[in-house]
Amino acid sequence: MTSPSATENTTAQPAPAELVDAVRGVWADALETDLASVPPHASFLSLGGDSVLAVRMAAMLRKRLGAPLALADVRVEQSAAQLAALVHERSTGTGTGALRPLPLDLVRRDDPEAPFPLLPLQQGYFVGQQDAWELSYRSAHHYVDIGLEDIDADEAPDALQDALERLAEHQAVLRARVLPDGRQHVLPLDDPDAIPQLRVTDLRDADEETAAARLAEIRHEMSTEGPDPSQGCGLDMRLTLLPGDRARLHSSTSLLIIDGWSSSVFYRDLFALASDYNAVLAPLDIDYGDYVTTLRELPGTRAWQEDRDWWYDRLDGFPLPPALPLAADPGEVRPTLMGTRQATLDPQRWATLRRLCTEHGVTPSAAMFAAFAAAVSRACGHRRFLLNTLQLNRLPLHPDVSRLVGAFSSTMLLPVELPAAPVFADLAARAQQDIGDALAHNLITGVEVSRELGRRLGTHRPVAPVVFQSTLGVDAALGSEVPQEAGPLGEVDLLSHHQQLRTPQVALEVRLFELRGELVVVFSLVEELFAAEDVDRMFRDVMATVESLVQADGWSAVVELPDAVDAQDTGGLGTGPGRRLSVPTKAKAPGAEAGAPRDAVEEAVAAHWRQLLDRPVDERTADFFALGGDSLLAMRMLGSLNREGLGRVAPRRFLEQPTVAGLAAAIREAGGR
């Protein structure tokens, strides 16, 4: 966390009382309370709101009041009176220029089945599935299975398949496929491959040992062989029937089609439909493709360009990732699964911790980020490093955006610089400020910022492989949670769950979410990279801090941190005991001599690059990424060269020397012309 900076000041005039009351009314509905419980000068945060719930609230403001506010204008520290002043200033045209409207209006596509682009994080997942970068997997997906009790084994499979069919009609993205060129499209309902198909395993007559072994097999298969929408359906759902009217519901979802928020929407709607054959979901006026297609215009807006400049102006001062001790070089491991550490905080203590967060003026997510950052600092031995965060970045372009299933999430880089001996309350407040400042510039995604950072560092290694993800508050933002009863599916036991995650270019990720009132904290990591005792120690460290924050004096405790601000130079990603998780500047491969392309292969490569990048490519030492290329364009380029008979080159081989001459040499090595 960098040094705190003040929230932007404005000279907005007070809003009329009726407008303040209108904003209070929106807040009351978003917070599911009455108007009297929303004082004009109480902050959204103090009333129980958070940054996730603010997304829903911003969309409600846009619909009811016609308020052209960007999500960046809506901060949890604001009161209803302050937010009403912004709305008033915008609507009367008396603004000072410090604020900005949301620069787009969502437009429905003429052809719902026409291809549309992948969002930046989807592109990262798609490229990661091509074995292009370090820490890649054949599929980027999340697997989970949950317990069902007192099911009707005769009715449950049909009820679940019927629910899947109706949900796939309602949520078009469940029928999405990814094309070889890195675009996506939705299959029509009458396509025989469009609807996800449930698979049922009947173990009702099996003994306990046999059932346990078969469950382990299903878990391993679904965890390691996830669905891939470039090959078929992006959702794999199965039902295992067990003795005693019990079952396990298994679901493996591609990260290319479903994010954390969408997962909550998906299960809530799925169980609602499975509970009642006559249930009807409220219609959606838009679909995921409308949202994504609208965002194509975003880079042409002044607001996006201002956000880009805000990030790019800071990049040269960004630190490297934390220098965590490694057991292997990330470039050499080929993981198939991510390991897991998991712990929970019971509902009573979690409620107490949330109350203390509110008293200290921070969201639970900000407090958890501070706890994680402190644990990382102690594990790596220094106080300045770069973390990545996963954000539920749904721009409030339309009120239905919060009800859609899709891969909306984006990343956001957060440079961390911890003070020498802070008390925890101050550490959490700094996190709150820094996260808020970054979210105020959220129109450009962390993937796009990371690409620019990689260019400046001269590396193709992941620039921020340690990730913080929080979906705390999603149920409140949606207005409901997954039901406890689901008709023929019986009682849904979310607390009885097993999960696995596979995310490309991530070495370690902490995830925080709520289940039935409990806080769940999960580490997902590439086990091959770390010594088990190091990971266990860091996870215990995080949980010890979380436990301490249930007591008021935990917030006033001094946080012990290392003396060193930056990591010592220990040889980077070498082979000795000093190996550390960091991203050093990529050493230049022995380069070709400068000059114009020298033969037909180099000329062909240069011609492809000129057409794809729409710029001159006259130098054989020109670097694809320095010319403006990115990972998705690289995949398209390599595929095009192969289809035209020039030769097949593996992405990792291309990255060794991504120049005209380097790619031409790789083509010759592969037996190309």
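**Cysteines, cavities and aromatic pairs in a predicted model**

The count of disulfides comes to 0, a disulfide being a pair of cysteine sulfur atoms within 2.5 Å. In general terms, a disulfide is a covalent bond between the sulfur atoms of two cysteines. The structure is a predicted model, in which local features need pLDDT of at least 70 and side-chain atom pairs count only at pLDDT 80 or more, while totals for chains, interfaces and linings use all residues. Residues are numbered from 1 along each chain as its sequence is written, and side-chain values use heavy atoms, with hydrogens and water left out.

Burial was assigned from relative accessible area, with buried meaning under 20%, exposed over 50% and partly exposed in between (1.4 Å probe, protein chains only). Cys357 counts as buried because its relative accessibility is 0%. Cys380 is likewise buried, with a relative accessible area of 11%.

The structure holds 5 cavities of 30 Å³ or more. A cavity is defined on a 1 Å grid over the protein atoms alone as a set of points where a 1.4 Å probe fits but cannot get out, and lining residues have an atom within 4 Å of a point. Grid points are joined across faces, edges and corners, and a volume is the space filled by probe spheres set on the points. The largest cavity has a volume of about 490 Å³. It is lined by 30 residues, of which Ser51, Val52, Gln391, Ile435 and Leu439 are the closest to its centre. Two or more lining residues are given by each of helix 2 (51-65), helix 11 (364-380), strand 10 (384-391), helix 12 (424-439) and strand 12 (466-470). Helices (H or I, at least four residues) and strands (E, at least two) are DSSP runs, numbered from the N terminus. By residue class, the lining of the largest cavity comprises 17 nonpolar, 10 polar and 3 charged residues. In this division Ala, Val, Leu, Ile, Met, Phe, Trp, Tyr, Cys and Pro count as nonpolar, Asp, Glu, Lys and Arg as charged, and the others, Gly among them, as polar.

A search of the whole structure finds 18 aromatic pairs. Rings of Phe, Tyr and Trp (its six-membered ring) pair if their centres lie within 6.5 Å; planes under 30 degrees apart count as stacked, over 60 as edge-to-face and the rest as tilted. One of the pairs, formed by Tyr291 and Phe408, is edge-to-face, at 4.8 Å centre to centre and with 70° between the planes. This pair links distant parts of the chain, 117 residues apart: Tyr291 belongs to helix 8 (residues 288-295), and Phe408 to the loop between strand 10 and strand 11 (410-417). Both partners are buried, Tyr291 at 1% relative accessibility and Phe408 with a relative accessible area of 3%. Phe624 and Phe625 also form an edge-to-face pair, with 5.4 Å between centres and 90° between the planes. Phe624 and Phe625 are buried as well. Elsewhere, ring pairs link Phe369, Phe372, Phe468, Phe523 and Phe539 into a cluster.

Helix 4 (residues 120-128) is largely enclosed by the rest of the structure, because 9 of its 9 residues are buried. These are Pro120, Leu121, Gln122, Gln123, Gly124, Tyr125, Phe126, Val127 and Gly128.

Several loop residues were also examined. In the loop between helix 1 (17-31) and helix 2 lies Glu32, whose phi is near 55°, a positive value in a residue other than glycine. Glu32 counts as exposed at 55% relative accessibility. Phe44 lies in the loop between helix 1 and helix 2, but this residue is buried, with a relative accessible area of 0%. The C-alpha atoms of Phe44 and Trp27 are separated by 7.8 Å, the two residues being 17 residues apart along the chain. Gln484, in the loop between helix 14 (474-478) and strand 13 (491-502), is partly exposed, with a relative accessible area of 47%. A separation of 8.4 Å is found between the C-alpha atoms of Gln484 and Leu494, which are 10 residues apart along the chain.

For "domain: Carrier", UniProt lists residues 14-91 and 596-671 in an unreviewed entry. UniProt positions are given in the numbering used here, feature names are shortened, and annotations may be inferred rather than shown by experiment. Over residues 596-671 the chain is 57% helix and 0% strand, with the end C-alpha atoms 23 Å apart. Asp614 occupies the loop between helix 17 (600-613) and helix 18 (631-643). Its phi is near 55°, a positive value in a residue other than glycine, and Asp614 is exposed, with a relative accessible area of 70%.

Methods: 1 Å grid on protein atoms, 1.4 Å probe; cavity = no way out; pocket = protein on both sides within 12 Å on 5 of 7 lines; lining within 4 Å.
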